Amino acid sequence: MATNPFTPTFGVTPPLLVGRQDEIDDFRAGLQEGVGAPERITLVTGLRGTGKTVMLNAYEDVAKSEGWLVLSETAGKDVVDRLANTEIPNLLRTIEPNQTRSRITSLTMSGFGAQRTVTELNEPAANLRHRMNQLLDAIDPEVGVLISLDEIHRNEDLEILGSTIQHLRREDRNVAFVGAGLPSSMRDLLASDQSAMFLRRADRRHLGGIEADDVRTALQVPIVDAGRTITPEALDVAVEGTQGYPFMVQLVGLETWRAARDSEQIGVEHAQRGVDRAHRKMGQLVHEPALADLSATDRSFLAAMAQDPQGPSRMGDIAQRLGVDANYASQYRIRLIDAEIIGPVGHGAVDFTMPYLREHLQRDALPGLRGASFPGRPALGAGPSTPALGAGSGPRAARHRVGEIER
Ligand SMILES: Nc1ncnc2c1ncn2[C@@H]1O[C@H](COP(=O)(O)OP(=O)(O)OP(=O)(O)O)[C@@H](O)[C@H]1O
Ligand SMILES: [Mg+2]
């Protein structure tokens, strides 16, 4: 029996990556064109399951095919330390087995001014910069080093990394950086004062849905390559069932293939069964992780939206269901729009951006959330707090109203 070609697994490159050719071509051009090319600093954003990690993998492949060295990491604590003290030394060892060992020894034991080296290299930033220079010195100046960082969010290590790359670029070093993160993490990062200027100027690539024609190709080609066929009608059903959501392309593909069992040809019934199963699994695999990234208050807002059987939802209704005033609800509206979970529709209404999230909330989450209260005034960062509308309003009044609905 032929192997199922689809890969509904986070971080796993699909059998056919579709709809990302512009990104790939631009990035390649950026590496080829030289130090000043804007694509050399690229930030990828998108919701969970839109293909950020897979996009980074693709950028890394481009860099390798151009002869570049690649340092691939997931952001988090110690990323600077891991790069400076493990990844780069490992890479140095692979490119220059003999020379490198002596260089590394000279770095830690004696070499150019041992004392200065030791004190300077105690600083993570100086250490990373030094290691990067060492690496760049050891390779052909025509090629460079790509640092790829997944799951980025605001933290000290990212600032160190940012300033290091900024320095190296100012020194006309052949370096590039690609990072990926959720829209909300990226917003926090870019809003922070410390965030290196270079990140704010980065070439930003937003991963959204995939066009229907591309989804067709992404389903059909792997099926045929793996030794089966799919009827045009079945393909229509499967394409429609993905709603263009990248993760769903793989999940619908896998379930449709599976539903066909031993049949050489995938027909409409198989596709329908496959789509049904994919939709049932989407809640656990896509919606739940996305909801888990949000605050309890954000989730209450979404639950209030989901009380409308169909979208869009009117802001007035949402505020009323939550028992808060319009200004208060609108702050959450902005947060969730920034996080790209919802989008504005016309005047005064919003709708879900993620396919089937409304249905998921209605089916699985709403019973638990319906009674949930809208907690006290939210911490919305440093921005000015918006007073509530109406006489006797203001934070105290707002809190009082919230208290009322809590009962
Ligand atoms: N362009 C594409 N064409 C076909 N399948 C894709 C495409 N992009 C991503 N996928 C598939 O979607 C799934 C999710 O991709 P990926 O893990 O890169 O998402 P992500 O954005 O990194 O998610 P998370 O935020 O949870 O880390 C994978 O199964 C991947 O194979
Ligand atoms: Mg990812």
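In which loop does Asp172 lie? Asp172 is in the loop between helix 7 (156-170) and strand 4 (175-181); helices (H or I, at least four residues) and strands (E, at least two) are DSSP runs, numbered from the N terminus. Its phi is near 55 degrees, a positive value in a residue other than glycine. Most residues other than glycine have a negative phi, and most peptide bonds are trans. Gly311 and Pro312 are joined by a cis peptide bond, with omega about -10 degrees. Pro312 is placed in the loop between helix 14 (296-306) and strand 8 (313-314).

This is a predicted model: local features need pLDDT of at least 70, side-chain atom pairs count only at pLDDT 80 or more, and totals for chains, interfaces and linings use all residues. Residues are numbered from 1 along each chain as its sequence is written, chains are lettered from A and ligands numbered from 1 in the order written, and side-chain values use heavy atoms, without hydrogens and water.

Now turn to ligand 1. Around it are 24 residues, each with a heavy atom within 4 Å. The closest are Thr7, Gly11, Val12, Lys52 and Thr53. Helix 2 (52-65) and helix 12 (246-259) each supply at least two residues of this shell. Domain 1 (21-206) and domain 2 (212-291) each give at least three; these bounds come from an automatic or database domain assignment.

Polar contacts are pairs of N or O atoms within 3.5 Å. A polar side-chain atom of Thr53 lies 2.8 Å from an oxygen atom of ligand 1. A backbone N or O atom of Thr9 lies 3.1 Å from a ligand 1 oxygen atom.

Methods. Polar contact = N/O pair within 3.5 Å; in protein donor to acceptor, adjacent residues only side chain to side chain.
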